[in-house]
Amino acid sequence: MPSDPSYTVPLWIDGKPIAASHTTFPVTQSKTGTTVHHAASASTKEALSAVESAQTAFQSWRSANHVTRRDLILRVATYYEQHASAFIEAQCLETSCEEAWAKQNLDLATRYLKEIAAVISSVNGTIPQLEKPGTMGFVFKEPIGAVLCIAPWNAALVLATRGVASAVAAGCSVVFKASKLCPRTHFLITQAFVEAGVPDGVLNQIQVERGDAAEVTEAIIAHEAIRKVEFIGSAAVGRIIGQLAAKYLKPVLMELGGKCPAIILDDADLEEAAKLVALGAVIHHGQICFSTERIIVHEGVSDKFQKLLIRAMETMGSQSGAAVSESIGKHANEVLRDAEKSGENSFLAGRPIRTSLYAHQLC
């Protein structure tokens, strides 16, 4: 998928591409600093149009039997397999990830689709015991309604696929708020569902430039048709989404970033541990919610482990990718500067480094 600055990723509302009446924004590849394409940015009016489309489509999609929903998801999985190169190239183009990371995302996303399809028919109700003698109760599981799915850029394909496919498979309709950093990758997901035969309005996609994101997101959550919110992203934004969901009494499902430590004991295979810790720290440039961010090492092996870790880091250049944006690269630079001010040392390829050198590696 070549860079094409003249191309604009559209909105997708009620089964049609929409060139936003509001504005567009550039999508920039960080490792080259070039604009690879543009994306339509939804206004509040367009976002609410997507919600209303989802609300209308839900009235019929909720009654689709499990065979119809299962076969749809399986056709999406087949589309992923047949268009693998496009999905891989789009991820690399927009997020500056390594091809290996993009391929892993594709493989996991395809497997998720097949697994979701496989369990659709097993979603059954229950017959609970009741206190009153001679009575029987039934609990039926029904789709909740239109769902807002907010997906991140860092595992652009697998996380968005999981959210959208799970909701559609359950009989819900979706307003898919794509990441502004990878709207074309996310639009490929929408295209896959469209090509697989998803009814108009069951899946709608919008993306929003940063300046309008807060207003548009609140307008969507506030709409009475939205019955549940799924958010995957940072804890800081998760707090905001959680507060909005509480304000409008909407159930919310969130997967937020974490701080994952590795613990190295004195009986560990230190060389293997160093390789795994190094990989966990740098894969996809450390931009994963479970990246290794702290290492707790038994004092008796700390010196030996540090030397092995530095050696392991020397081999990780081909797997580290690049920061997804200039701002994230600058943030990493700021973290190093703060550590240096506190008297800590930074090492790159076994050598003490200046902050400016490491900033180049990140951006």
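A surface patch, as the term is used here, joins nonpolar side chains within 5 Å of one another, drawn from residues with over 30% relative accessible area and no salt bridge. In this predicted model, Ile127, Met136, Phe138 and Phe140 make up one such nonpolar patch, and together they present about 520 Å² of accessible area. Phenylalanine 138 sits in the loop that links α4 (99-119) to β6 (146-150). With a relative accessible area of 51%, phenylalanine 138 counts as exposed, because the cut-off for that class is over 50%.

Serine 30 also lies in a loop, here the one between β4 (23-29) and β5 (34-41). Its relative accessible area is 15%, so serine 30 is buried, the limit being under 20%. Although 65 residues separate serine 30 from threonine 95 in sequence, their C-alpha atoms are 7.5 Å apart in space.

Turning to the helices, α5 (residues 158-169) has 12 residues and spans 16 Å from its first C-alpha to its last, close to the 16 Å expected at 1.5 Å a residue. Helix α5 is largely enclosed by the rest of the structure, because 10 of its 12 residues are buried. Among these buried residues are Val158, Leu159, Val164 and Val168, along with Gly163. After α5 comes glycine 171, which has a positive phi, near 100°.

One pairing brings phenylalanine 231 together with its bridge partner in β10, methionine 254.

Note on methods
Residues numbered from 1 in each chain as written. Predicted model: local features only at pLDDT ≥ 70, side-chain atom pairs only at ≥ 80, totals over all residues. Heavy atoms only, no water. Patch = residues over 30% accessible without salt bridge, like charges linked within 9 Å, V, L, I, M, F, W, Y side chains within 5 Å. Areas by Shrake-Rupley, 256 points an atom, 1.4 Å probe, with all protein chains shown as cover. Salt bridge = Lys/Arg side-chain N within 4 Å of Asp/Glu carboxyl O. Helix = DSSP H or I, 4+ residues; strand = E, 2+ residues; numbered from the N terminus. Buried < 20%, exposed > 50% of the residue type's maximum accessible area, 1.4 Å probe, protein only. Pairing = 2+ DSSP bridges. Expected span 1.5 Å × (residues − 1).
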